[in-house]
Amino acid sequence: SLAGSRDSEIAIGAFQPEHLSEDHGGEPGGDVHTFRMALWSAHLGGHDPAYMVPSSQECVDKVREVTRQFQEVYSAANMEEQTKVHMMPYPILVHDDGTVETEPGWEMFPDTDGLVCGQKSGVLPGNLTT
């Protein structure tokens with residue numbers, strides 16, 4: 001976490017070659033699939049059939065919809081609405097030419113003084129800080 005007092009991001013890679021969906025009629029399976037479905041269910045407010053195929057446009061659209069809704073709840077002046085969702089989209093816009101900027105109104109991460117797009121440090125290389 002940027003403030004040191006909140007949950008942080010984590011990424012893992014997992015692969016089970018004996019459970020490739022193309023070898024099982026297009027259906028995902030195995031422990032990695034089960035783990036992903038459990039994580040997504042816990043963090044995206046429950047199970048949705050769209051999550052079965054994470055590479056599908058339907059899944060991408062559903063995750064974006066759910067996380068945007070939580071972003072609105074989280075950024076409200078009075079966050080009283082309870083939600084089972086614990087994820088927000090990263091508040092940046094990436095343009096076709098590769099330029100990156102913050103979404104309007106999201107120059108800083110919520111509850112911190114951390115800039116979403118960072119800033120040059122003068123000590124560290126720019127690709128680490130911006």
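Gln16 counts as buried because its relative accessibility is 18%, where buried means under 20% relative accessible area, exposed over 50% and partly exposed in between, with a 1.4 Å probe and protein chains only. Before going further, a word on what you are looking at: this is a predicted model, in which local features need pLDDT of at least 70 and side-chain atom pairs count only at pLDDT 80 or more, while totals for chains, interfaces and linings use all residues. Residues are numbered from 1 along each chain as its sequence is written, and side-chain values use heavy atoms, with hydrogens and water left out.

Let us stay with Gln16 for a moment. Gln16 sits in the segment before α1, and its side chain reaches the backbone nitrogen of Asp31 at 2.9 Å. A polar contact is a pair of N or O atoms within 3.5 Å; within protein, one must be able to donate a hydrogen and the other to accept it, and residues adjacent in sequence count only if both atoms are side-chain atoms.

Now step back to the whole chain. The protein chain has three helices and two strands, and from the N terminus on they run α-α-β-β-α. Here helices (H or I, at least four residues) and strands (E, at least two) are DSSP runs, numbered from the N terminus. Of the 130 residues, 23% count as buried.

Which rings make an aromatic pair? The structure holds one such pair. The rings of Trp40 and Tyr51 have centres 5.7 Å apart and planes at 85 degrees, so the pair is edge-to-face. By definition, rings of Phe, Tyr and Trp (its six-membered ring) pair if their centres lie within 6.5 Å; planes under 30 degrees apart count as stacked, over 60 as edge-to-face and the rest as tilted. This pair links distant parts of the chain, 11 residues apart: Trp40 is in helix α1 (residues 30-43) and Tyr51 in the loop between α1 and α2 (57-75). Trp40 counts as partly exposed because its relative accessibility is 22%, whereas Tyr51, at 2%, is buried. Trp40 has another neighbour: Arg36 lies over its face, at 5.0 Å from the ring centre. A charge sits over a ring if NZ of Lys or CZ of Arg is within 6 Å of the ring centre and within 35 degrees of the ring normal.

The loop that holds Tyr51 also holds Asp48. With a relative accessible area of 19%, Asp48 is buried, and a polar atom of its side chain lies 2.8 Å from the backbone nitrogen of Ala50.

Further along comes the loop between β2 (100-102) and α3 (126-129), the place of Glu107. Glu107 is partly exposed, at 42% relative accessibility, and its C-alpha atom is 8.4 Å from that of Pro91, 16 residues apart along the chain. Asp111 is found in the loop between β2 and α3 as well; with a relative accessible area of 61%, Asp111 is exposed. Asp111 and Ser75 are 36 residues apart in sequence and 9.6 Å apart in space, C-alpha to C-alpha.

Finally, consider the empty space. Rolling a probe the size of a water molecule over the atoms shows where such space is left. The lining of the second largest pocket divides into eight nonpolar residues, seven polar and one charged.

Conventions. Ala, Val, Leu, Ile, Met, Phe, Trp, Tyr, Cys and Pro count as nonpolar, Asp, Glu, Lys and Arg as charged, and the others, Gly among them, as polar.
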